[in-house]
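Trainee: I have the model open on my screen and would like to go slowly through a single part of it. Please give me a close look at how its pieces meet, with the cut-offs spelled out as you go.

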Amino acid sequence: MATLEVEALRKSFGGVQAVRGVSFAVQPGEMLALIGPNGAGKSTCFNMLNGQLRPDAGRVRLLGQDITGLAPRRVWRLGVGRTFQITATFGSMTVLENVQMALLSHHRRLGQLWTPVSRMDRAPAEALLARLGMAAQASRPCGILAYGDLKRVELAIALANEPKLLLMDEPTAGMAPQERVGLMALTAGIARERGIAVLFTEHDMDVVFSHADRILVLDRGALIAEGAPAAVRADPRVREVYLGSGATQGGH
Amino acid sequence: MENLVLQALSGLASASSLFLVAAGLTVIFGVSRIVNFAHGSFYMLGAYLAWTLVTTLPRGHLGFWGGVVAAALATGLIGLVVEVLLLRRIYRAPELFQLLATFGVVLIVQDLALLTWGAQDLLGPRAPGLRGGTEILGLRFPDYELFLIVVGPVVLGLLLLLFHRTRWGTLVRAATLDREMVGALGVNQRMLFTSVFFLGSVLAGLGGALQLPRESVNLHMDLSIITEAFVVVVVGGLGSLGGAALAALLIGELHAFGILVLPKITLVLVFLVMALVLVVRPHGLLGKAPGPAHGGAGSAEPVIGPAPRPLLWLGAAALATAVLLPLLAGDYALSVLTEFAIFVLFAASLHLIMGPGGMASFGHAAYFGLGAYGAALAAKWLAAPMLLGLAAAPFAAGLFGLLFGWFCVRLSGVYSAMLTLAFAQIAWSVAFQWVEVTGGDNGILGVWPDSWAAPKLVYYYLTLALCLGATLLLRRVIHAPFGFALRAQRDSALRAEAIGIDAFRTRWLAFALAAVMAGIAGGLFAYAKGSVFPTFLGIPRSVDALLMVLLGGVQTLSGPIIGALAYTGLQEQLVRLTDLWRLILGGIIVALVLFFPQGLAGAARARWEASRGDA
Ligand SMILES: Nc1ncnc2c1ncn2[C@@H]1O[C@H](COP(=O)(O)OP(=O)(O)O)[C@@H](O)[C@H]1O
Ligand SMILES: [Mg+2]
C-alpha cells in the first residue's frame, strides 16, 4: 500500500488558484521530489498534506486512512514529520531540547509535571543529532543558529516522530552546495533503511536529479509531468516551463 | 416612556465623554502599539488644569471655554514631554514593559496632582450659557448634557477629516495598518509618533476638562476612567476610531439602562458585555486581526539553563534568613515577613502565565482574591477550621481559573490581557455588590487562624512552608515537559502544533495552575489579615503582581521572587518614610524600565554571564 495518496487536491486564495487538482502517491522508502518555479503551489500542497491548510476539495490518505482536514497535531500523531520552508523551532531552547520535545511528544510524555526534561529522552536525542552531524551544536540555543543548521534541527525533530511520511519543504535552503548533497544523501539513506516515504521540494537540480526516485513537476498549481528523473529531464514541457527558463537554482 | 428617552439621552452624553478619552487611547495604540495606562492620568490632569484655569481666568464665555481649550492643549504638551522623555526610548521594548512604564507615570502624576491641588475634591463652575435645562417630552434635561451629546460626533467628524483629508492623517492610518511599512518608506517616524501622542493627550485632556461642570475633580479620576476607556477601546477594536465610537455608544447606553433594569449588577454588566464581544469577535467589533507574525525561530527569550552558582548561594542565604530571622523578630516584622512569603508565591504564579506561557494577565488578583474569599466564606458560612479554609482557597481559585481561563487563553496579546481584566472586574463587582454573602465593601471579618496557628511565629512558618513548597513546585513544573510545552507554544505556535502540542490545552491548564497557586497565596493572606475585602481582587493588586514580575524579570523564576521581595519591601519602606511614596515608586519604575529592561534578575544574570565570559 502507498504511504501517502493524494487525490484531486485543490486550494485557492481569493482569486488565486494555488493548487488545482493535484493527485499523486508516495511509496514506503521512496524519495519523491516536487519541483516547480516559485509560486507553483508546492508549499500550499505541503500545508494541505499535514493539515495546516484545509483543502477546498480533494482527499489525502495516509496508509489508507483519510486524514483530510485533520489538525496538524493529529497528523503528527499518525506518523508524519515535516520541515518548513521558513524554519520554525523553539528559539528559547537548545538544539538538544528541541529534539527532546519532539521525542517526548512522540512518547506522549509532554503532560508530565515532575521529572525535569534534562533527564528525559536525552540519549536518543543525542543519537539523532549525531546521525545528522549536529552533535557539536547540541547545547547551543536554537535562537542563534545558522540557517542551514536550523534546517538540520527541523529534520531531527521530524525524524524523532519515527515517521512513516516525511514532508520536507526546501530542506537544503541556506546550505552550501556540498552540504546539500550530503544532507539529502543522508536523508535518502535513512528513508530507505526505515521505509520512510519522503516528499520534498528543492531548487537545486543537482540534488533533485541525484536523490529523487521520482519527480513531480508542478506549474501554476497543476502537475505537468511525473516520472523517473531521466524521463522528466527529457520532457519538453518541463524544459519549457522550468528548466528552459535557466533557473536551476533560485530563491525560495 | 419619557423617562426612557431621557435615560437614553443621558447615556448619549456619557458615551460622548467616554468617546473623547477612548479616541485618544485608540489612536495612540494604533500608531505606537503602546497600551497607555497614563491616558487616564492625562484625563485627570485635563480636569485639574481646567479647574485652575477656569477659576483663575475672568468669568464669562472666554474665561470658561478658553480655560477648557487651554487645559486640553496643556495636557497635550505634558503628553508630548512624556513621549519624548520616556516612551520614545522604549518603543522597541516588550509590550508589558511599556505598560509598566506608563503605570510609573500614573503613580508620578497622582502624587504631583496631590501636591499641586491637594486631596480634597474640587468643584468647578458651570458652563456659561449652558446652566439651564431644556424641556424634552415634558421633562427637563440639562443643556450641558445636550452640549456633550453634540461634542462627541463633532470630534469624531473632525478626526475623520483629519485622518482622511490630510497627508499627516494618511500617514497615521498607514502606520496603524503596518508600522514597519511606514518605517521602510523613510517617513520621519519620530515626528509622527510624537504628534499622535500629542493629539491623543489633547483628547484625553479635553475629555477631562469637559467634565468640570458635571462632577467634582478628584484623585481617583485616572484609574476609574482608564478602565472604562480600555473597555471601550477593546470592545471597539484596538486602533479603530469607528469602533471606539460604536463601543462608547454601547457602553454609555448600557450604563444608563443598566441602572434602570438591573441596578445590582451594573458593574458586572459592562464587563460581561466586553467578555461576550471578545468571545464572539476576538479583535473587537471593528478591529482587524494583526498580520501574521514574522519568522518562526525569532523568539528572543533566552535558554533556561541551570541556576548560576551565585544565585544558588543567594537562594540558600535568603532561605536561611527566612527561617532564622523571624526567631528574633517582633510581631510587626513577622506580619511583614508573612506578606513577603505570600507575595513571592503570588508573583511566581503570575510568572508561569507571563514567562513560559507568553500571555499577559491584567487580572491575576482575581485568583488571589477568589482564594481569599474561598477561605473566608468557608470560615464564615461553614465554620470551617483553618486547614479546610486553606484547602478551599486553591479549589475556588482553580475552579474559576478553569472557567475564565477557557475564554482568556483563546485570545492573544492585549485582547487576552483585557479579557483577564474583565473577568477580574466581574469577580470584584460580585464581591463588592453581593452584600448578603460577601459583606460588600465591609468585607468578611474574623477569619482568624485556629488556635494552634494563632501565634504569629507559627503562622509565619506555616506560610513560609506552603509558599516555598508551592513556588518550588512551580519551578519543577517549568523544568518538566509541561513547562517546556508551554514555552514551546510561546516560541513558535506553528512548530508546537506540528509536533503534536495542543497549545490551547497547554495554556489553559497553565492558567488554571497559576490560579490555584494564586489561590493558595490568597487563602494564606486572608488568615494573615483576619479579614477579606473586595480590594483583594481589585485592579491595583493585579498591577502589583504585574510590577513584581516585570521588576524582577520574566525570563526565570528568580525574577518574580526578587521582584516580589523588592517591590513589597520598597512599598513597605516608602509608605512608612514618606507621603510621596507613589512619586518615588513611579520614578523608580520608570528608571528601571529605562535602564534595566530585562528586570532586576535579568540584569544581574546578564552582568554575571558577561563577567564570566571575560574571565
Ligand atoms: N496564505 C496565502 N494567502 C494568499 N495567497 C497565498 C497564500 N499562500 C500561498 N499563496 C499564493 O499561492 C501561490 C502558491 O504559493 P506557494 O504554495 O507558496 O508556492 P511555492 O511554494 O511553490 O513557491 C502563490 O501565488 C502564492 O502567492
Ligand atoms: Mg514554497
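Mentor: Happy to! Contact means heavy atoms within 4.5 Å, and by that rule 38 residues of chain A touch 30 residues of chain B. This is a predicted model, in which local features need pLDDT of at least 70, side-chain atom pairs count only at pLDDT 80 or more, and totals for chains, interfaces and linings use all residues. Residues are numbered from 1 along each chain as its sequence is written, chains are lettered from A and ligands numbered from 1 in the order in which they are written, and side-chain values use heavy atoms, leaving out hydrogens and water.

Between them, chain A and chain B bury about 2,800 Å² (accessible area, 1.4 Å probe, lost on being put together and summed over both). Carbon and sulfur atoms carry 65% of that area. On the chain A side, A:Arg73, A:Phe90 and A:Ser92 provide 24% of what chain A buries against chain B, more than any other three residues.

Look again at A:Arg73: its side chain forms a salt bridge with that of B:Glu497, at 3.4 Å from N to O. A salt bridge here is a side-chain nitrogen of Lys or Arg within 4 Å of a carboxyl oxygen of Asp or Glu, and the count between chain A and chain B is three.

So, to recap this part: the two chains bury about 2,800 Å², 38 residues of chain A are in contact with 30 of chain B, and A:Arg73 contributes both to the leading trio in buried area and to a salt bridge with B:Glu497.
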